[in-house]
Amino acid sequence: MYTEFLEHLTSFMNKEDIKTNEPMSKHTSFRVGGPAKVFLTVHSEEILSKILRALNDKKLPYFVLGNGSNLLVSDAGYEGVMVYLGEEFADIEVQGNQIKAGAAAFLGKVARRALEEELTGLEFAAGIPGSLGGGVVMNAGAYGGELSQVVASVRAMNAVGNIIRLEKSELLLGYRTSIFKLHPFVILEVTMELQKGDKEEISGRMNEYTKARIEKQPLEYPSAGSTFKRPEGHFAGKLIMDAGLKGFSVGDAQISEKHCGFVINKGNASATDIRKLMEEVANKVKEQFGVELEPEVILLGK
């Protein structure tokens, strides 16, 4: 089945954009993960449409990869097709108070462009390491802000390669969730509605958030940011700390001593180490406090 699929791809894609058995450790912020069976880099909507139609026809599993900053791929890898949007999907355009940006644009870059244009509303996103598309999928947020506050609409592609437009009311944006968790739509472009602001004030807030991140988060180690979602009425990091798990390790995977909400790779952790650590931490928190910790990171593969 994959042989036929790969042969079909060569009829409309460059061979250098088609890889097999690509190590996912090269594409995730945890720096772990086995090989993806097929790894495709896409440079146009036309090619993406053909790929999605082919995947749908062959009924092959696939995953659309952003910056890999919220993803844990198993050591066994991913028995499916990774679809990675190239820099052609990273354009940023400003029209008045609106920013239109491609799904592959980095959130930090979009936030800096907003600063240049004296637009406020995206300061919280300046230090988030993900792509805009991945950010919208999980309604990324920090410091009291989240993308649902600024996203106006999304251009996307459905599973059969047709372009659709979704207004804000259709996006089902909630805490770390969206319609894109429910349907296999690929985000192409996001339109955000911001407000005119004072450049110095915007810059000041960004600097304040950056300083807080450096002081409080283990940015010197590979991680996927906050590992667990915030349980209702609690903070995951505080529960983990109160359970006495600060610095708790499995292999080279460790609960950060700087911020207990982060699982870090101290150098040679495997995906299995990280997953086992997450399970043990969740079990201990449940035992002590009766609170379920749900992963914020996406788990992919066996």
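Analyst: Accessible areas here come from the Shrake-Rupley method with a 1.4 Å probe. On that basis the protein, which is a predicted model, exposes about 14200 Å², and carbon and sulfur atoms supply 48% of that area.

The part to look at closely is the pairing of helix α3, residues 107-116, with helix α5, residues 199-216, whose axes come within 9 Å and cross at roughly 155°. Because angles over 145 degrees count as roughly antiparallel, α3 is described as roughly antiparallel to α5. On the α3 side the contact is made by A111, R112, L115 and E116, while α5 contributes K199, I202, S203 and M206.

The secondary structure of the protein comes to seven helices and 19 strands. Its radius of gyration is 20 Å, close to the 19 Å that the globule rule gives for 302 residues, so the protein is as compact as a globular protein of that length. Taken along the principal axes, the box filled by the C-alpha atoms is roughly 55 × 50 × 30 Å. Buried residues account for 49% of the 302 residues, and, among contacts between residues at least 6 apart in sequence, 66% join residues at least 24 apart.

V83 lies in strand β5, residues 78-85, and is buried, since its relative accessible area is 0% and the cut-off for buried is under 20%. Once neighbours within four places in sequence are left aside, V83 is in contact with L40, V42, L48, I51, L55, Y62, F63, V64 and L65. The C-alpha atoms of V83 and S44 are separated by 12 Å, the two residues being 39 apart along the chain.

T41 belongs to strand β2, residues 35-42, and is also classed as buried, because its relative accessible area of 18% falls under the 20% cut-off. With neighbours within four places in sequence again left aside, the contacts of T41 are M13, D17, Y84 and G86. Strand β2, residues 35-42, holds T41, and the contacts of V83 include L40 and V42, whereas Y84 is one of the residues that T41 itself touches.

Technical notes:
Residues numbered from 1 in each chain as written. Predicted model: local features only at pLDDT ≥ 70, side-chain atom pairs only at ≥ 80, totals over all residues. Heavy atoms only, no water. Axes fitted to C-alpha atoms, helices over the stretch in contact; angles between N-to-C directions. Helix = DSSP H or I, 4+ residues; strand = E, 2+ residues; numbered from the N terminus. Parallel < 35°, antiparallel > 145°, perpendicular 65-115°, else oblique. Contact = heavy atoms within 4.5 Å. Buried < 20%, exposed > 50% of the residue type's maximum accessible area, 1.4 Å probe, protein only. Rg over C-alpha atoms; globule rule 2.2 N^0.38 Å.
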